[in-house]
Every structure is written in structure tokens, then in C-alpha cells.
Amino acid sequence: MTDETDRDTAATAGVDAPAADREAPSEGEVEILRDELRRAQERLEALQREVEETRDRYLRARAEFENYRRRMEGELAREREAGVDSMVLPVLNVYDDLERALEAAGTAGLEGPFVTGVRAVRDSLLRQLDSLGITPVGLKGEQFDPERHEALAVVPAGPEAADGAIVQVHSAGFVKGDRLIRPAKVIVAKEGA
């Protein structure tokens, strides 16, 4: 009776009875358990595939968003540069007028406070443009560069003007870094012209 009491005590305490005392599961129960295990494994595999697909979609969406963000930043920078260009172009026309005034004064042999003042205004304008990173290109003596200069005319090259050199500047060009804001309009020396 002690074994029976031990089993009853173990059963009420929630402890399994010794393995020898348990009944072996029937073949049907084993098959049901195997079937449930197979379905659980299939469900686990399906959930793992779903997690991988969701992770893949997340990574693709994140990459697409990063590409979109970079494109928008680039487009915003280009628009900002275009805005600066549109604001600077009228100022560059004033620079051209100051240069023509100084050239006319030099041709006429004029010098004095008026010419000195015009030169000071032009120099101040160049300093302000330089502070914005905008520098002139297409100066007399530079080599002609079709990327930065627009040739208005070609004159024969000679001892004073080498082949491909700018001999006269109608209006200076301006760049900001490598970006051309306005091409220089120039007259170029060319051999055989």
C-alpha cells in the first residue's frame, strides 16, 4: 500500500509517476503528437520565411528611402545654386559696366577721384563675389576653354598673342568652384585665322 500511497501523493503534488508506472501512449496518440509536431514545424518555417520576407522588404524600403533622400538633397542643392545664380547675374552686369567705364577712362587718359571711386566700387564688388566663392574667368592672356568661354571672334595669332589665347574680353565669365555661372565672352587668337 505504500507504493499506491506514493503514487497518489505524487499525483496530487503534480509530480509524474515513475516511468515504469506510466502507461505507454498508444500508436494513435503517437501519430497525433507527430502530426502536431509536423504542423508546428511547418508553421515555424512559414513564420521564419515571413520574417525574412518582411526583413527584406524593410531593407529595400530603407535603401529606397536613402536613395530618395540623397536625390532630394542633391536637387535641393542644385536649386539653391540656381537661385544664387539668378540673384548674381544682374550684379555681374553691373561689374561689366564698371569694367567698361574703367576701360573708357583708360582709353581717354582720364584719372582722378571719379575713376578712383569707380575702381574702388569694382574692387569691392569683386571682394564681395569672392566671399561668396564666385571668381572671374576669361581674363586677357588666359587660354581659351570652350567649357568656360564663348568666342565672339577669332583674330590671327602673332608674337603678342599665342595660339588659343584670349586677346580681348567683352565680358568676364564667373565660376563658383567648378560650376560655371556665366561664360566669358572673348576674342581669341588662332593661327591661320
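Reader: What percentage of the 193 residues in the protein chain do buried residues make up?
Author: This is a predicted model. A residue counts as buried when its relative accessible area is under 20%. Across the 193 residues of the protein chain, the buried share is 18%.

Reader: How many helices and strands does the protein chain have, and in what order do the elements run from the N terminus on?
Author: The chain has three helices and six strands.

Reader: Among contacts between residues at least 6 apart in sequence, what percentage join residues at least 24 apart?
Author: Contact here means heavy atoms within 4.5 Å. Take the contacts in the protein chain between residues at least 6 apart in sequence. The share that joins residues at least 24 apart is 62%.

Reader: Is Arg182 buried or exposed?
Author: Arg182 lies in strand β5, residues 179-182. Its relative accessibility is 12%. The cut-off for buried is under 20%, so Arg182 counts as buried.

Reader: Which side chain makes a polar contact with the side chain of Arg182?
Author: Leave out residues up to four places away in sequence, and Arg182 touches Leu89, Leu92, Asn93, Asp96, Ser171, Ala172, Gly173 and Phe174. A polar contact needs a pair of N or O atoms within 3.5 Å. For the side chain of Arg182, a partner at 3.5 Å is the side chain of Asn93.

Reader: Is Asp85 buried or exposed?
Author: Asp85 sits in helix α2. Its relative accessibility is 14%. With the limit for buried at under 20%, Asp85 therefore counts as buried.

Reader: Which residues does Asp85 touch, not counting those up to four places away in sequence?
Author: Asp85 belongs to helix α2. Setting aside residues up to four places away in sequence, Asp85 touches Arg179 and Ile181.

Reader: Which residues are the closest to the centre of the largest pocket?
Author: The largest pocket holds about 380 Å³ of space. It is lined by 15 residues. The closest to its centre are Glu99, Glu103, Gln168, Val169 and His170.

Reader: How many nonpolar, polar and charged residues does the lining of the largest pocket have?
Author: Helix α2 (27-108) and strand β3 (166-171) each supply at least two residues of this lining. By class, the lining has six nonpolar, four polar and five charged residues.

Conventions. Residues are numbered from 1 along each chain as its sequence is written. This is a predicted model: local features need pLDDT of at least 70, side-chain atom pairs count only at pLDDT 80 or more; totals for chains, interfaces and linings use all residues. Side-chain values use heavy atoms; hydrogens and water are left out. On a 1 Å grid over the protein atoms alone, a cavity is a set of points where a 1.4 Å probe fits but cannot get out, and a pocket is an open set with protein on both sides within 12 Å along at least five of seven lines; lining residues have an atom within 4 Å of a point. Grid points are joined across faces, edges and corners, and a volume is the space filled by probe spheres set on the points. Helices (H or I, at least four residues) and strands (E, at least two) are DSSP runs, numbered from the N terminus. Ala, Val, Leu, Ile, Met, Phe, Trp, Tyr, Cys and Pro count as nonpolar, Asp, Glu, Lys and Arg as charged, and the others, Gly among them, as polar. Buried means under 20% relative accessible area, exposed over 50%, partly exposed in between (1.4 Å probe, protein chains only). A polar contact is a pair of N or O atoms within 3.5 Å; within protein, one must be able to donate a hydrogen and the other to accept it, and residues adjacent in sequence count only if both atoms are side-chain atoms.
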